[in-house]
Amino acid sequence: MKKPRRVLIADDDRILTHLLSSRLQAKGWAVDVALDAMQAVMFARQKGPDIIVLDIAMPGGTGRQALHSLKASSKLRAIPVVALSGSVEPEDEAKIVALGAVEFLRKPIDPDVLDARLRAVLGDDAAA
Amino acid sequence: MPGTYVPTLVGLSLTIALLAALAIGLIDRQLRLKTRLLEAEVARPQTERLRAFYDVLTYGVLVRGPQGLLTYANRAALRLQPFAGEEIASGVRQPAGQLYDENGVLLDVSRYPSSIARSTKQPVTGMLVSTRDGDGEETWLLCDAVPAIDPTTGDVGDVILSLVDVTERRRIERALRESEERFRTMVDSLADGIVLQLADFSIATCNASAERITGLTADQMLGRAPRPEGWLAIREDGSRFDLRQHPSILALVTGKAASCMMGVESAGRETTWISVNTRPLYHAGAKRPYAALSSIMDVTDRVRAQVAEREARQAAEATSRAKSDFLANMSHEIRTPMNGVLGMLELALGSKLEPAQREYLHVAQRSAESLLEVINEILDFSKVEAGRLELRPEPFALADCLGAAIDPLGPRAAQKGLELAMRVAPNMPPILVGDSVRLGQVITNLAGNAVKFTEHGEIVLTAEIESVNTDEQEVVVHFAVRDTGIGIPADKQSLIFEAFTQADASATRAYMGTGLGLAIATRLVALMGGRLWVESVEGKGSTFHFTARFATRAADAPMALDDATSDDIRGMSVLVVDDSGTNRLILHETLVSWEMRPTLVASARDAIAAMESADKAGKPFGLLLVDGYMPEMDGFSLVEKLRENPRFASATVLMLTSADGDGGAERCRALGVAAQLLKPIKSRDLRAAIVRALGRATPEHGPAPVTDVLDARSAHPSRILLAEDNQVNQMLAVAVLERWGHTVEVADNGRAALTAVARERFAVVLMDVQMPTMDGLQATMEIRAGEAHTGEHVPIIAMTARTMSGDREKCLEAGMDAYVSKPFELEELFGVLEPILARRAAEPTSLGEARRRGRKRRHSAPVPGVAPFPREVVDATALNGAVGGDRKLLGELVALFRTEGPRRLEELRRALAANDAAGVAAAAHALRGSVGSLHAKRSFEAALAVEQLARSDALQNAHAACATLEEEIARLERALASFAGAA
């Protein structure tokens with residue numbers, strides 16, 4: 001059996017994180033959840049995720065800061081980050097991508113869609 | 001003294017003038033004699049008047065003529081120089097007496113004051129000479145001599161001498177000098193330094209010790225000499241000592257005594273620590289001191305010793321701490337794998353096995369148990385040695401404690417065919433206050449050794465009151481463990497109490513097993529205020545005695561169970577059948593103490609005879625206590641025989657057996673035995689069994705047969721979170737818990753446990769205390785902190801090695817609810833877990849209800865087609881899709897929303913009340929995210945409306961939107977509840 005892919009979900013919405021983590025686990029992912037930006041960066045170091053799902057609209061701009069920190073670290077830079085946002089204001093998708101995110105998804109997020117996008121980013125066969 | 005020796009030339013005017021001048025000059029020593037001599041106004045008094053005038057003088061006055069002839073001596077002179085009179089009378093031109101100089105050397109006449117004045121023609125002043133009387137007594141004279149020079153010839157005529165007696169003054173001066181010398185010598189010889197500082201702060205005196213101690217020479221101290229370069233006074237903490245605070249200065253300024261300690265450092269010297277004590281000195285009646293006298297003591301050795309002692313103590317404490325930590329860690333490190341070994345063996349033994357395999361595993365289990373025992377002993381011993389073992393006194397039932405202590409020995413004793421009995425004196429207070437765990441440990445050790453070294457016969461544990469101190473509410477209990485084993489030779493008896501005795505290791509091993517048990521027991525007994533000793537005859541057996549002190553509680557009520565039913569059994573006749581005399585004795589005493597009437601027989605045959613005769617007498621026994629294993633006919637055969645006889649078929653029988661197993665329980669059931677009791681019999685169990693047996697009509701419902709806790713089923717199968725880092729322990733705990741009917745989620749560390757608890761509502765959390773990343777205590781505290789918001793309380797049971805005192809308190813302080821020791825005993829775990837689960841199941845939360853239903857139907861078909869609420873409230877289909885049809889997950893999300901939703905709403909309200917637009921927007925945003933995940937369209941839109949109003953600074957319009965949002969959320973909650981519940 002192949003070693004499961006590891007995803008770090010960073011979002012302060014506990015319902016969403018629970019939903020996503022449970023569903024992704026059911027789909028064979030190893031999931032870590034960070035409930036704030038600081039935890040997100042910490043877990044990115046500790047858990048060695050293959051990919052990170054990051055809510056960039058976390059309170060006080062901390063989501064963007066987390067993205068910045070992740071991309072500023074030579075060790076973490078290579079981990080692809082999928083940015084989420086539930087913001088009502090039109091996000092400048094190009095700006096987010098310029099910050100280093102590989103994907104930009106708007107909430108609400110369908111777990112199945114997220115799964116597919118994550119696998120696409122990692123180049124995995126969706127059927128795996 | 002009349003004028004016998006009035007000088008013949010008294011009329012000579014010059015002489016008289018000279019004498020007058022001398023008299024005046026003696027009174028006024030400033031007088032210039034020569035000048036006066038020539039002054040014309042000098043009176044020329046009458047001869048007689050002059051004589052009187054001279055004689056009244058206290059000073060001696062002599063006149064020597066031109067040829068050295070003594071011509072006149074006044075009265076004082078005659079007294080000072082007794083020979084002068086003789087000289088005048090004889091007319092000899094030679095002084096009659098002898099004069100000595102200052103140093104006591106006899107003077108040549110030419111060196112006499114008069115001779116010098118004559119030869120030099122100059123006055124001689126202040127020449128010190130002495131005369132000696134016949135006894136050698138010295139008289140010291142201060143002499144002046146003035147030559148009278150003829151102005152015309154320039155020749156010396158008379159020489160006038162004055163004599164002052166300075167003998168007394170010299171004596172005083174010398175005494176003073178000697179006294180000063182003595183004082184000086186004394187001060188210099190003092191070991192303490194002495195320094196005298198005057199009111200102008202100059203130092204007047206210092207002694208040699210002061211120089212030595214301070215490292216300053218007298219020159220560097222005296223006066224106001226500046227302190228030399230490199231000389232420094234410091235305080236105890238190493239900071240600089242301000243010399244203005246010197247006690248000597250303080251004493252001069254304040255007028256009061258002062259003292260201090262300081263260190264003095266100077267180049268090339270180690271720091272000298274000195275203690276300075278200063279007293280001010282006052283002149284009589286003065287208000288201010290004129291000086292301050294300091295004594296300086298060298299206390300370097302004392303200070304160094306103190307410092308060394310402090311350092312040694314700190315080092316010892318650090319070592320002790322390190323040792324304790326090491327022990328705690330070791331304890332954990334050793335017990336964790338042992339836990340795995342024992343647990344897995346237990347599980348394996350519970351499975352289907354070939355007889356040989358079972359035997360192997362039994363051997364492995366016994367080995368592991370004895371290894372654990374050795375480890376425990378070593379840890380215990382280290383703790384006792386380190387003084388870390390503390391007793392934890394609490395009320396306990398002595399009989400229960402003793403029973404529990406020897407119970408585990410039952411099977412081994414039974415295998416060897418040994419009788420194991422216990423007797424607690426009937427007058428023993430049922431409840432004592434002491435450390436029952438440690439008492440049990442001592443008993444287990446002694447009784448364990450007894451079983452080990454006894455091949456035939458019996459082992460009897462007794463407890464009697466040795467003394468009672470009613471004032472102190474204290475009782476000393478004398479325990480004894482008697483065996484009929486190999487005994488201990490007299491010369492080895494003292495050896496067995498010493499730990500690690502290498503002198504005769506073989507003897508030690510032969511008589512006391514691992515070698516530490518008795519050493520520990522001895523120390524434990526000492527802690528309990530008693531002593532441990534042995535009486536033994538080689539080949540006959542040993543009796544280990546010990547005493548221990550316990551507190552008693554005033555007016556101790558007997559056990560409630562005993563009380564409530566005492567009337568039922570009082571006066572009842574009981575037949576006791578047991579081949580062991582000791583057992584019969586104990587049972588007899590026990591039954592009599594309950595006011596029952598026992599008849600004792602030693603064999604099955606005697607029992608049948610006794611029953612026959614009682615029946616004939618019309619007084620059948622109400623109860624039979626039968627030993628299961630007896631020679632000739634055993635207890636089971638006896639009961640079988642009785643049942644064949646219609647007269648005895650219904651007799652109530654309690655069977656006493658040495659060990660469970662071998663089908664004993666089954667045979668008991670088959671024979672209609674009311675209860676089976678395992679030896680050693682504890683009086684409380686016996687009593688309870690009797691009461692129960694007599695209270696029941698049918699023996700079929702006797703006490704529940706002993707069931708293996710491993711086969712138990714939980715009455716409340718629940719979802720349990722296990723936080724444990726060790727994989728073996730995880731496996732073991734999961735296997736056990738699942739066997740009891742629970743489902744288990746595993747978290748590898750405290751952080752993971754935290755996440756799991758946030759995600760799901762568990763019935764209970766089993767929390768290992770020592771884990772990496774985040775330990776159990778920390779995790780518990782964080783869980784409790786989180787619950788402060790929600791009002792939820794998930795029961796947390798700590799799992800930890802039990803050895804270290806204080807562990808338990810730490811767990812409870814951290815917010816844990818209960819505590820099981822590792823390696824955990826299944827019974828303990830089950831016993832702790834079940835009541836908590838029962839309480840948890842009874843909690844009236846619809847949440848729990850929803851969860852249980854959700855769990856039960858976890859794999860049932862998803863989603864009812866029609867939901868009893870509009871799609872806009874919750875889009876059931878979409879939500880179901882989002883959870884992938886997982887009802888459990890759905891339940892969890894609903895549960896989460898029940899805590900998250902209200903929390904966010906509360907944040908919203910607070911921000912709104914505070915007119916905090918950003919806060920309102922943030923809370924609404926968060927809420928929107930949550931309801932978005934739940935596919936609650938209306939709530940989502942209501943939240944969005946609030947958020948947008950807040951962001952566009954239209955907060956005054958947000959109140960209505962908020963009210964709408966609250967309504968929608970409430971509706972959503974109801975919908976979710978029914979949705980999750982209906983599934």
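What is the accessible surface of chain B, and how much of it belongs to carbon and sulfur atoms? The accessible surface of chain B comes to about 48,500 Å², and carbon and sulfur atoms hold 53% of this area. Accessible areas are computed by the Shrake-Rupley method with a 1.4 Å probe, and for residues only the protein chains shown count as cover.

## Basis of the report

This is a predicted model, in which local features need pLDDT of at least 70 and side-chain atom pairs count only at pLDDT 80 or more, while totals for chains, interfaces and linings use all residues. Residues are numbered from 1 along each chain as its sequence is written, chains are lettered from A and ligands numbered from 1 in the order in which they are written, and side-chain values use heavy atoms, with hydrogens and water left out.

## The two chains

Chain A has 128 residues, of which 53% count as buried. Buried means under 20% relative accessible area, exposed means over 50%, and partly exposed lies in between (1.4 Å probe, protein chains only). The accessible surface of chain A is about 5,700 Å², with 54% belonging to carbon and sulfur atoms. Its secondary structure consists of five helices and five strands, which follow the pattern β-α-β-α-β-α-β-α-β-α along the sequence. Helices (H or I, at least four residues) and strands (E, at least two) are DSSP runs, numbered from the N terminus. Among the contacts in chain A with a separation of 6 or more, 60% are between residues 24 or more positions apart; contact means heavy atoms within 4.5 Å.

Chain B contains 35 helices and 28 strands. Of its 983 residues, 48% are buried. Residues 24 or more positions apart provide 62% of the contacts in chain B with a separation of 6 or more.

## The interface

The contact between the chains involves 20 residues from chain A and 27 residues from chain B. About 2,000 Å² is buried between them, and carbon and sulfur atoms give 61% of that area. Here, buried area is the accessible area (1.4 Å probe) that two parts lose on being put together, summed over both. On the side of chain B, B:Arg751, B:Ala882 and B:Ser933 lose the most area to chain A, together 21% of what that side buries.

Six residue pairs are in polar contact between chain B and chain A (both at pLDDT 80 or more). A polar contact is a pair of N or O atoms within 3.5 Å; within protein, one must be able to donate a hydrogen and the other to accept it, and residues adjacent in sequence count only if both atoms are side-chain atoms. Helices 26 (750-759), 31 (876-882), 32 (887-913), 33 (917-933) and 34 (937-951) of chain B each supply at least two residues of the side that touches chain A. Helix 32 of chain B gives the largest share, eight residues. By type, this side of chain B comprises 10 nonpolar, eight polar and nine charged residues. In this grouping, Ala, Val, Leu, Ile, Met, Phe, Trp, Tyr, Cys and Pro are nonpolar, Asp, Glu, Lys and Arg are charged, and the others, Gly among them, are polar.

## Salt bridges

Side chains of opposite charge can pair when their charged atoms come close. A salt bridge is a side-chain nitrogen of Lys or Arg within 4 Å of a carboxyl oxygen of Asp or Glu. Over all chains, the whole structure holds 43 salt bridges, and one is found across the interface of chain B and chain A. A:Arg14 and B:Glu900 meet in a salt bridge through their side chains (3.8 Å, N to O). A network of salt bridges links A:Arg14, B:Glu900, B:Arg903, B:Arg904 and B:Glu907.

Within chain A, A:Lys27 and A:Asp112 form a salt bridge whose closest N and O atoms are 2.8 Å apart. This pair links distant parts of the chain, 85 residues apart: A:Lys27 is in the loop between helix 1 (14-26) and strand 2 (30-34), and A:Asp112 is in helix 5 (residues 111-122). Within chain B, B:Glu792 and B:Arg840 form a salt bridge, with closest N and O atoms 3.2 Å apart. B:Glu792 is partly exposed at 24% relative accessible area, whereas B:Arg840 is buried at 5%.

## A buried serine

A:Ser21 lies in helix 1 of chain A and is buried, with a relative accessible area of 4%. Leaving aside residues up to four places away in sequence, A:Ser21 touches A:Ile9, A:Val31, A:Val33 and B:Arg759.
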